[in-house]
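Please take a look at the model below.

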Amino acid sequence: MDESERVSEIISVLDKRYSTDLIPTLDYKTPWQLLVATILSAQCTDERVNLVTPALFKAYPDVYSMASADIRKVEIMINSVGFWRQKAKNIVASAIRIVDTYKGEVPGSMEDLLTLPGVGRKTASVILGHIYKIPSIVVDTHVKRVSYRLGLTKSKDPEKVESDLKECLPKDRWIDWNSWIIRFGREICRSAKPDCGICPLSPFCPGKM
């Protein structure tokens, strides 16, 4: 089969396995809360973030309360996640910018999101895809690893991986791909011990074909 057929088969397998109903594994109720949780999730597990955010969101339920927060108190509340000092600083600074520049609304463009402290393309893509339903590719460690193993990119640079995936995947599947591959990478195509013996994508994987 040619490359477009192979990609279609991969999408079909993942669609049947996971459907299109997946939501982020981070707990949130508002766009601002998802932004905060995603910032916290950098180099930290979603499970750990979900243990921290309930108390944080109770103390600071919206962007306005966070904009006036004492950074030291935020640090204490999130000090079980990695790089908590910098993340506390970025979260409060982002809240201030959103209040001052965007009238309290999390912006809905890549350009604007990237002006927020602590927000890179990965975090911005999460917001665009899950809040604004704008097709976007989120290149986290799982998406980068699995996409590389599947031969959909020859790069390990996140921006180049994003570009390559946008070239080979249908645009209406970009958001699905994010959710599918993050889950698939945790369950089967793990970093250290991929479970190739039960992998439903083996027939379409260059390493197994």
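What covers the buried residues of α10? The cover includes α8, α9 (141-149) and α11 (174-187). This is a predicted model: local features need pLDDT of at least 70, side-chain atom pairs count only at pLDDT 80 or more, and totals for chains, interfaces and linings use all residues. Residues are numbered from 1 along each chain as its sequence is written, and side-chain values use heavy atoms, with hydrogens and water left out.

**Overall fold**

- The protein chain has eleven helices and zero strands. Helices (H or I, at least four residues) and strands (E, at least two) are DSSP runs, numbered from the N terminus.
- The radius of gyration is 18 Å, close to the 17 Å that the globule rule gives for 209 residues, so the protein chain is as compact as a globular protein of that length. The radius is taken over C-alpha atoms, and the rule is 2.2 Å times the number of residues to the power 0.38.
- The C-alpha trace spans about 60 × 30 × 30 Å along its principal axes.
- Of the 209 residues, 46% count as buried. Buried means under 20% relative accessible area, exposed over 50%, and partly exposed in between (1.4 Å probe, protein chains only).
- Among contacts with a separation of 6 or more, 59% come from residues 24 or more positions apart. Contact means heavy atoms within 4.5 Å.
- The protein chain exposes about 10,800 Å², and carbon and sulfur atoms supply 53% of it. Accessible areas come from the Shrake-Rupley method with a 1.4 Å probe; for residues, only the protein chains shown count as cover.

**Helix α10**

- Helix α10 covers residues 158-168, with V161, E162, D164 and L165 buried.
- Seen down the axis of α10, these buried residues fall within an arc of 165°, so they line one face of the helix. The arc is that of the directions from the helix axis to the C-beta atoms.
- The face turned away from the buried side of α10 carries the exposed residues E159 and E167.

**Helix α2 and the cores**

- Helix α2 (residues 31-40) is mostly covered, with nine of its ten residues buried. Among them are W32, V36 and L40.
- The buried residues of α2 pack against α3 (46-59), α4 (63-67), α6 (84-102) and α8 (121-130).
- The largest nonpolar core has 36 residues, and W32, L56, M66 and V74 have the most contacts inside it. Helix α2 gives the most to this core, with seven residues.
- A nonpolar core is a set of buried Ala, Val, Leu, Ile, Met, Phe, Trp, Tyr and Cys residues joined through side-chain atoms within 4.5 Å.
- Another core lies apart from the largest one; it has 26 residues, among them V7, I137, V139 and F184.

**Cysteines**

- The whole structure has zero disulfides. A disulfide is a pair of cysteine sulfur atoms within 2.5 Å.
- The sulfur of C189 is 6.3 Å from the closest cysteine sulfur, in C199, too far for a bond.
- C189 is buried at 11% relative accessibility, and C44 is buried at 17%.

**Positive phi in loops**

- F83 is not a glycine, yet its phi is positive, near 55°. F83 lies in the loop between α5 (71-77) and α6, and is exposed at 55% relative accessibility.
- K133 also is not a glycine and has a positive phi of about 55°. K133 sits in the loop between α8 and α9, exposed with a relative accessible area of 59%.
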